[in-house]
Amino acid sequence: MEAMEDDSLDLKDDHNHNYCASSSSKVRTYLRSQLSGVTTAPQPACPLAPGEEPGSRRGKLLSGSTGGSKFMDSDSGSESSEVSETDCTAPPAAAEGKFTLDSTSKFLLNAMAVEDYRKNHWPNLEKAIDRLLIQNPTDHISVSYAQIYSYVYKCVCQQHSELLYNDLILKITNHLLQVSTHLQASPPEDFIENFNVALTQYTASLQCIVPVFMYLNKFYIESKLNRDLREDLMKLFADNVAEIHVNTLMPLLIKAHSMPFQVQPSTMASVVKGLYSLRPDWAKLAPALFSGFIPQINPPAVESLLPDYAAHDQKLQMELSMNGFPRGDQSRKRASDDS
């Protein structure tokens, strides 16, 4: 029997010299150990077919345990087997072990990807966002938009969209809370101007932030959340800045509107239009104020109220003339036919 095994272990050399003639002692020793391990192991609980001898099943198990004699053709790279698989299937424990290994591997790969995001991608994006948020509209800050765009693209492709979105919202929210704290320390005479600076600066920053996060907006916010990135970021300003200070800001705006040129008209228009764009319902707090800058705020004119409209215009003209705005030279005005 042992002589037959020695003969079977002598693998002939093929034309590509894949195997040496007369296998080495290491290969012979390895195969013998495998064969001896299988022969001494208990037989698997596989029922014998009718008329089948135990020796034939043992031969199949021996050949199946060694995986058959496999040869690799170096030209084609294909793998062939001389012995077919045994009729016995792998035990469930082996399948469960393989599934657990695959799940563990996926978890480790995901953890490595998240760690790479935390160490490399997000810190670079955070620095760029900081520079964009604190810039003035008239300043020029050297920022590599292509590099930011590349980081965002990689994060989305690596399925970190939700993580990136949450980090972006948290970052900008913390910045707006600092802006709100700074506004609380502003004196009343400078409050309107400071609020306008904060709103203008934030709006200008979004013109740079939203385009570089286009992939996040398109493939996560719009497709999964059914929202828009710019709308979400403007809502952050409304919730964390404007809503907190609207009760302080509105009386100052009404007072400034009643006293022409106390505040620059461009500043008044910017603040009022900005508040209306953030939350149109705020126009109900001061309809007369918002109607001076936003068209069609008041209800449509009614014919029965024409005398009231005329009286309101006359009152406005009287207030302007009393505040030092004369009606001009009336001597060249054509006299009416009644005079």
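Start by selecting Glu243: with a relative accessible area of 39%, Glu243 is partly exposed. You are looking at a predicted model, so colouring by confidence will come in handy later on the tour.

**Stop 1**

Arg279 has a relative accessibility of 23% and counts as partly exposed.

Together with Glu243 and Arg279, they are linked in a network of salt bridges.

**Stop 2**

How many salt bridges does a search of the whole structure find? The search finds 8, and two others are worth a visit here.

Select Lys171 and Asp130. They form a salt bridge in which the closest N and O atoms are 2.7 Å apart. Lys171 lies in helix α6 (residues 161-184) and Asp130 in helix α4, so this pair ties together parts that are 41 residues apart in sequence. Is Lys171 buried or exposed? Lys171 is buried, at a relative accessible area of 17%, because the cut-off for buried is under 20%. Asp130, at 30% relative accessibility, is partly exposed.

Next, go to Glu115 and Lys119, whose side chains meet in a salt bridge with an N to O distance of 2.8 Å. Glu115 is partly exposed, with a relative accessible area of 41%, and Lys119 counts as exposed at 57%.

**Stop 2**

In soluble globular proteins, nonpolar side chains tend to be buried together.

For a close-up, centre on Phe195. Setting aside its neighbours within four places in sequence, Phe195 is in contact with Leu183, Phe237, Val241, Ala242, Leu249, Val271 and Leu275.

**Stop 1: a loop residue**

Select Glu222, in the loop between α8 and α9. Glu222 is partly exposed, with 39% relative accessibility. Beyond its neighbours within four places in sequence, Glu222 is in contact with Asn217, Arg227 and Asp228.

**Stop 2: the cysteines**

Now look for disulfides: the structure holds 0 of them. Select Cys155, which is in no disulfide; the nearest cysteine sulfur is that of Cys157, 9.4 Å away. Cys155 is buried, at 0% relative accessibility. Cys157 is likewise in no disulfide, and the nearest cysteine sulfur to it is that of Cys155. Cys157 counts as partly exposed, at 49% relative accessibility.

**Stop 3: helix α12**

Move along to helix α12 (residues 306-322) and draw a line between its end C-alpha atoms. The 17 residues of α12 should span 24 Å at 1.5 Å a residue, and those end atoms are 25 Å apart, which agrees. Just after α12, pick Gly324, which takes a positive phi of about 95°.

**Last stop: colour by confidence**

Finish by colouring the protein by pLDDT. The mean is 75, and 62% of the residues reach 70 or more. Where is confidence lowest, and where is it highest? Strand β2 (residues 79-81) is lowest, at a mean of 38, and α6 is highest, at 96.

Select residues 37-49, where pLDDT stays under 50 and the model has 14 contacts beyond four places in sequence. Then select residues 53-101: pLDDT stays under 50 there too, and the model has 50 contacts beyond four places in sequence for that stretch.

How values were computed:
Residues are numbered from 1 along each chain as its sequence is written. This is a predicted model: local features need pLDDT of at least 70, side-chain atom pairs count only at pLDDT 80 or more; totals for chains, interfaces and linings use all residues. Side-chain values use heavy atoms; hydrogens and water are left out. A salt bridge is a side-chain nitrogen of Lys or Arg within 4 Å of a carboxyl oxygen of Asp or Glu. Buried means under 20% relative accessible area, exposed over 50%, partly exposed in between (1.4 Å probe, protein chains only). Helices (H or I, at least four residues) and strands (E, at least two) are DSSP runs, numbered from the N terminus. The expected span of a helix is 1.5 Å times one less than its number of residues. Contact means heavy atoms within 4.5 Å. pLDDT is the predictor's confidence in each residue, from 0 to 100. A disulfide is a pair of cysteine sulfur atoms within 2.5 Å.
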